[in-house]
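Here are my notes on this one, as numbered points. Have the viewer open while you read.

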Amino acid sequence: MNTNDFRPRVLVTKIGLDGHDRGSRIVAAACRDAGMEVIYTPPWQTVDAVVKLAIEEDVDVIGISSLATDHLIVPKLMKALRAAGLDDVRVVVGGIVPDNEEPMLLEAGVRQVFHPGSTLDDITARIREYASEARQARTAAGV
Amino acid sequence: MNKPVAATLLEPRADADPHANWEREYRESIGPDRSIENVSGIAIKPLYTPRDWARYGSDVPLSYPGQPDYTRGIYATMHRGRTWTQRQLVGLGTPADYNARLLAMMASGTTAVSLIPCNSVYRGYDMDTVDAELLGTCGVVINNVEHMQRSLDGVDVGTVSCAMNDPSPFTLLAFMLVAAERRGTDWRRIAGTSNQSDYLSHFVANHMFYRLSLPGARRVLMDHIAWCNEHLPRWNPMSVVGQHMQQAGATPAEAMAFTLSTAIQNAEDCVARGMDPDAFLPRFTFFFDISLNFFEEVAKFRAGRRIWARVAKERLGAREPRSWRFKFHGQTSGVDLTRQQPLNNVARVTVQAMAGIFGGLQSLHTDAYDEALACPSEFGARIAVATQNILREEAHLTDVIDPLGGSFYVESLTDQMEQKIVSIMKIVDDAGGMYQAVEAGVVQRMIGASAMRFQNRIDSGEQVVVGVNAYRVDEAEDERPLVERPDPAVMKHHIDEFVAWKAARSQADVDRALDRLTRAAEDRADNVFGAVVEAARAGLTHEEICSRLRRDLGFGHPLAVV
Amino acid sequence: MTAREPGESPLVARALAGDRRAVARLLTVFDDDGADARRAAAELAAHAGRALVIGITGVPGSGKSTLVNALLGEWLRRGRRIAVVAIDPSSPITGGAVLGDRIRMGEHGTHPDVFIRSFSARGELGGLSRATRAAVDCLDAAGYDRVIVETVGTGQSETSIAALADTRVVVCPPGLGDDVQAIKAGVLEIADLLVVSKGDLPLAQETRREMREMLTLRRPVPEGGWKTPVLVVSASEGSGVGELVDAIEAHGELRGRGRRREGGDERAPELQPIAVPADANDAPAWRARLAALVARDGLCATLGISLVDGGPGRSEVQMRVEPRHLNFNGGCHGGAIFTLADTAFGLASNSHGPVASGIDAHITFQVAVKPGDRLVARATEVRRSRRIGVYRVEVACTRGGGDEQLVSCFTGTVYIK
């Protein structure tokens, strides 16, 4: 599906306890500059809040920014998204994720982990692709 | 046979200006040149000469250390008389884990305590109300007096300087004071700092530390300063922070400007409350980030020192020299460290530390090489302290005071940084002062723009980051350091113990203590921090204190500006 | 929530049954103007009509989102189900947007009886997006009995929300000066309720007085009609919120629901007469009257024409020449200059009260006008009788910091009704 047919809706958020949001704000701005519609939240969102937000805002991609160790509860988020029927929504994680913990995230359903060194062009391009995937999955599932 | 060197070559051409000669030869040999600006936006030349230093050639081109304008240092002796404090941030796991690490660090050269609590503590929560996976990964989990006591076992707070990295309402200091009281330590001997007590910087750029509303935090800080001035004569209750803003993307000049403006705001708040500048200014300290921009950092600190002395005297009306002293702690910037090829970070930290030392700091924390990944390992933390020891003992950096003073470059850059910093401070003044400027988002927007500019320079490759966007290497799995996490079983035990302890308290005592907090919050003439200390004594937990004060003084919602 | 009608699309049926995701998916269908949008909108419209739609506008920084959060809390306390449609402007260059209003709406976003959806204006200038009407119908049909539409309004673009909302609330931050001036025109036109936000600040009461004074410029309200109140609310202190909700409910009772469903042009604002000042020397009152007229003018908004000054039989309007005003040769389009002059002409000739319609107009173009120039058109009354008026307009141009030079002369004749 051509992403020029729609505007990707992306949620940029942080769960857990860390509050460093320089990265998430930069990514949110970059997504906007790439023509996407970004729902941006401050840090410390609960898993339930993220799920409700994802439903109401009908987001295509959720971008989780994680600096310290908050990625450790991303599997909880993935589980909650599935339980709410949001299998089509794509989730990416960006920030500091130790290499030995990345497989655990991918197994839980995270689409990609962006490590430091990823350029903004790279990140926005992939998010756009994943948004397309999400829309196709939605159509296929008849949601 | 050698031709004799022509006599004319040995004599300077009488009609030529050596500067012009150099310039010509430089331009002829340099090939494609580039114009360079430092991070703060000041143009940097290839060479600096006496012409670049405004005061060169005057009778006293530069002040002396310990004398106005303090450019060369706030004391006559500086590090030669008393070396900088090696105040390494330590925080991880349970109190027992923390205590073990602290004692090991002190044995290897750390001379003061700087305790960093768990993120759950920053958010105002107790360990039994958050996801267990997140506990103790970035700081020590302390929720009551007993935990603080255990954490500082073997350390006499009456003789070792302690810094608590804990924002309003400063519960950790309250726990520490009550623990000291129980041990019989006289509070008047306790020295240290309420590190990062600056709520404005947290509102702008470290939302994790931001617990109470802006007006609530303002009130508690003032109460805290007044209370400490009365009960803890050797304690610095005010630590104005430039670190978070710089780490959030502010340029060094912006970080210094915003920090000084914050200090002015807090000082004016103290004056409005009836305090005498000469009483509270000597206990104002600063906390800065030190980046890899070596000379820019040195100039930033020297300029800051000069500006602060002027501000304290002329704007705030302090009469005594000890009120004009710009005392600061520097922390090497974690933002410059990379996850790729982590051992390279040892070189980075060394350069950053040197910049801080040449900038004239009073206290230094050096990051461990694996700090980019998680809490530092003991191995990495040891190297960080050794770095400081090497700089002092083997590089002899304490032998000479302000050794870069008189460098045409450093003096010129100090002057230019001063101008830039002052111009940014004017923007804040025009916005009505720092409190109003941050409330309106002015500061946040400026920082966001600088952050975006910097990111673009990295993305485009203009700013090279070794190992990341250049000089990349495929690293084997085992080259990356393993991340240490607290032992889940040990943490579970800590939680269970805590829950049992809570249940064993008298609910009547707890309710009474909570009411006391509310009464203090509601009465502007009462001292909230005094009530927090009483609450600690009565056995309230960290979350109980924080949530009651959040209820009464407002929950902190920082302004998010994209 | 009603039973499914035969032939209804499944998504609509699920939305009517209370499926939150289905509602959200439909809102996206409307936003993207998808294939089924029209059909779904019609199906939902059939089930809509119960909700009270509240429009909340105000300049950026006026405290709208904080106010909405406080309203959510109060309505939840009263047992209501509330939906919020928050509209943010989009980037004119990339088309993207950061939809951040939600973040300031605080803790109520997680309540099951609250539904918050953010829209990008997607290039629309009136403060609403094209999907807003269908979105409101959808939320109405899904069972939310209060639907708040929150958008940026600057006094000249509140007109779109005027036709959509049953109760129109304009939020003004305390303070004197440009922000307050900017909303005056829109305020006079459409506000059912005026709220001075951040009521804890010292200037709040003074701003309230100023607003009340401005409202006296309106024609007096007929017996039994709605008198626009000015309320002071401090969301941070929690004061005034209950009163605001009471006032909204009262207005809803009086005026009824479903204004958006009444026929007619979606964008036509209610054309209440604007008071003609009694005193010819009351400069602020004349300016306010002419500003209110400009606020109704669609073409002025499109071209960025604003009022400088005016009085009985005279007016001065301005416009800066931007890319949208240029012709294919890169100079200022003659039609843009004509519109500016014609606007001055229309204001001067209509200033006295009776409607005056142009029947003849001529313009000369003397000097080339370039992008970046600032144009000012000044109209004066040459002659006016009971039925005919003749006006002259001079258009002057300032380039850079230079002096004014005359670029165009315009003469127009009106027939007075």
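1. A word on contacts before anything else: two residues are in contact if their C-beta atoms, placed from the backbone, lie within 7 Å.

2. Some housekeeping. This is a predicted model, where local features need pLDDT of at least 70 and side-chain atom pairs count only at pLDDT 80 or more, while totals for chains, interfaces and linings use all residues. Residues are numbered from 1 along each chain as its sequence is written, and chains are lettered from A and ligands numbered from 1 in the order in which they are written.

3. Chain C overall: I'd start with its 13 helices and 14 strands. Those are DSSP runs numbered from the N terminus, helices being H or I with at least four residues and strands E with at least two. Of the 417 residues in chain C, 49% are buried (20 or more other C-beta atoms within 10 Å of the residue's own, C-beta atoms being placed from the backbone; exposed is 12 or fewer, partly exposed in between).

4. Chain C is split into domain 1 (1–46), domain 2 (48–261) and domain 3 (283–416); such bounds come from an automatic or database domain assignment.

5. Now look at helix 4 of chain B (residues 95–107). Its 13 residues reach 18 Å from first C-alpha to last, close to the 18 Å expected at 1.5 Å a residue (1.5 Å times one less than the number of residues). Buried residues in this helix include Pro95(B), Tyr98(B), Leu102(B) and Met105(B). Their cover includes strand 4 (89–90), strand 5 (113–115), helix 6 (145–151) and helix 15 (378–393) of chain B. Just after the helix, Gly109(B) has a positive phi of about 125°.

6. Finally, the A–B interface: 30 residues of chain A are in contact with 33 residues of chain B. Helix 1 (22–33) and helix 5 (120–141) of chain A each supply at least two residues of the chain A side, helix 1 giving the most, with five. That side has 15 nonpolar, eight polar and seven charged residues.

Definitions and conventions. Nonpolar A, V, L, I, M, F, W, Y, C, P; charged D, E, K, R; others polar.
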